[in-house]
Amino acid sequence: TLGQGAVYYLFGATGDLAKRKLFPALFSLYKEGKLSENFAVVGLARRTRTNEQFRSDVYESIVEFCRYKADDTELWNRFAEHFEYMPLDINNVDAFRELGKLSEQLDAKFDIPGNRLFYLALAPELFGPVSFNLRDGGLLESAGWHRVVIEKPFGYDLESARKLNDQIRQVFREEEVFRIDHYLGKEMVQNIQVIRFANALFEPLWNNNHIANVQITLSETVGVEERGGYYDKSGALRDMGQNHMLQMLTMIAMEPPSRLHGEDIRDEKVKVLRSLRSYNSHEDVRSNVIRGQYSAGEARGTQLPGYREEDSVGEGSNTETYFAAKIAVDNFRWAGVPFYIRTGKRLPVKTTEVVIEFKSMPQNVLFAQRHDLAPNLLVIRVNPTEGIYIKVNAKTPGVDNSVQPVAMEFCQSCQIGLNTPEAYERLIHDAVRGDSTYFTRWDEVAQAWEFVDRIAAAWRDDSGDLKQYPAGSWGPKAAEELLAKDGFHWWPVN
Ligand code: BG6
């Protein structure tokens, strides 16, 4: 358990993230005994709310979104006791002094040694002002540790990210900053390094001698929902590419770290990001990166509006809701192996999958008549199903000399009684323990922006390559051609 205890300050406590992810995560941690009793949560937002109202918001969020039920009244009551709400104007330093007083009361009440975790589920432009007021309001003077958890998006491009980072770093040291990429909290993303480094079956083959290509798909069925205002300025490349997709790519591509420690792992990840071949002209971007935007369509019998018809989206918007890219990792291990990544809204299924396609066996006399031997695949299923499977070739039963691909499958999420922790549970737990392995370090963030900025720059200058795709389809045809040019195709996701 987190024996020492801490006060958790939830900035943005009336927002969507708190409701869908953070309250449920805290309840699950509590239920599993990982929070002990020495903690307090202070909900902070502009709006006025009583403690009772706040606790009932938390309750409703747990009923709706938590993997555990809140049906044990005694447990719920004990949990709710730890929650307080305080309306806060984040530009007013006196309000932070008040918060300081409340904090001292909470430390005393719950026997907390002054440890403080500030969780900023806020718009990025507020990260700086909040950090300054935490300092100026005296909140960083307590005896224990002080850490800040920062939600994405971390900036809009390298320049804005750097400004943001400079502001935060005037107040917090790098070790105190926990930048969230919730994909790193997913069980199967963390499992990548185990699958790789704990299996003699895979690690020796994990290079350009044996791997033909890598495919990462992150598809969603949802549109932009109520987030048009944010999304229209962001788009798929910034919303998913700069963070989740490149982070998964680094987990697949990194060299074995010297130890499984946060800094060692992040050192290896940043080396991968540095090895990404940057696109050096607009033409280069055009031929390697496909962008799309959904138009009206149909999925499962429902008519869906086009992106430009969504709320808070400009009529003539050229924001991409889909992109696919061919990425080269220029290092010894990966020279010549394309990494294809794709993500989009309003695609046919919600799934995150990584496919490692192995090189084909040399054509040999044994299967001389078979020119179509399927390659071996290792598929890592991140969500909603969690598991891995391998495609191997085997004899077709009852037919001489006939070969067919078969799957050897391990489905983790199918195991009865296994209720894997949500990404946010794991990440909050890690932040409180001071383990930043699965948070992004500044150099990773900066390097990822540098890569993405080149694509964004080409797109900004010319929107002629934006392709429409009907909602409910697999995106623009050009994304198929991206692989076909290299003699590959996207493996269908499950
Ligand atoms: C978020 C993006 O980071 O990830 C959203 O901002 C996206 O646009 C979400 O829907 C997907 O996360 P998950 O865990 O549901 O796959």
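Where in the chain is the place of Glu225? Select Glu225, and you will find this residue in the loop that runs between strand 7 (211–219) and helix 8 (228–234), where helices (H or I, at least four residues) and strands (E, at least two) are DSSP runs numbered from the N terminus. Although Glu225 is not a glycine, its phi is positive, at about 50°. Its relative accessibility is 38%, so Glu225 counts as partly exposed; buried means under 20% relative accessible area, exposed over 50%, and partly exposed in between, with a 1.4 Å probe and protein chains only.

Before going on, keep in mind that this is a predicted model, in which local features need pLDDT of at least 70 and side-chain atom pairs count only at pLDDT 80 or more, while totals for chains, interfaces and linings use all residues. Residues are numbered from 1 along each chain as its sequence is written, and side-chain values use heavy atoms, with hydrogens and water left out.

Next, select Ser36, which sits in the loop between helix 1 (16–31) and strand 2 (39–45). Ser36 is a residue other than glycine with a positive phi, near 55°, and it counts as buried because its relative accessibility is 18%.

Now select the ligand together with the residues around it, which are Lys152, His182, Tyr183, Lys186, Glu220, Arg227, Asp239, Met240, His244, Lys345, Lys350 and Asn383; a residue is near a molecule if one of its heavy atoms lies within 4 Å of it. This shell is made up of two nonpolar, three polar and seven charged residues, where Ala, Val, Leu, Ile, Met, Phe, Trp, Tyr, Cys and Pro count as nonpolar, Asp, Glu, Lys and Arg as charged, and the others, Gly among them, as polar. Helix 9 gives the most to the shell, with three residues.

Zoom in on Lys152, where an N or O atom of the side chain is 2.8 Å from an oxygen atom of the ligand. A polar side-chain atom of His182 also lies 2.8 Å from a ligand oxygen atom, and for a polar side-chain atom of Arg227 the distance to an oxygen atom of the ligand is 2.8 Å. Of the 400 Å² of accessible area that the ligand has on its own, the protein covers 82%, with areas taken from the Shrake-Rupley method and a 1.4 Å probe.

Which residue does the UniProt annotation "active site" cover? The unreviewed entry places this annotation on His244, though such annotations may be inferred rather than shown by experiment. Select His244 in helix 9 (residues 236–253), and note that it counts as buried because its relative accessibility is 2%. Leaving aside neighbours within four places in sequence, His244 is in contact (heavy atoms within 4.5 Å) with Lys152, Asp181, His182, Tyr183, Leu218 and Asp239.

Pro153 lies in the loop between strand 5 (146–150) and helix 6 (158–171). Then go to Asn383, from which the peptide bond to Pro384 is cis, with omega near 0°; the place of Pro384 is in the loop between strand 14 (377–383) and strand 15 (387–395).

For the last stop, select Asn133 in helix 5 (residues 127–136), which is buried, with a relative accessible area of 10%. Beyond its neighbours within four places in sequence, Asn133 is in contact with Ile90, Asn91, Asn92, Val93 and Phe96.

Terms used:
Polar contact = N/O pair within 3.5 Å; in protein donor to acceptor, adjacent residues only side chain to side chain.
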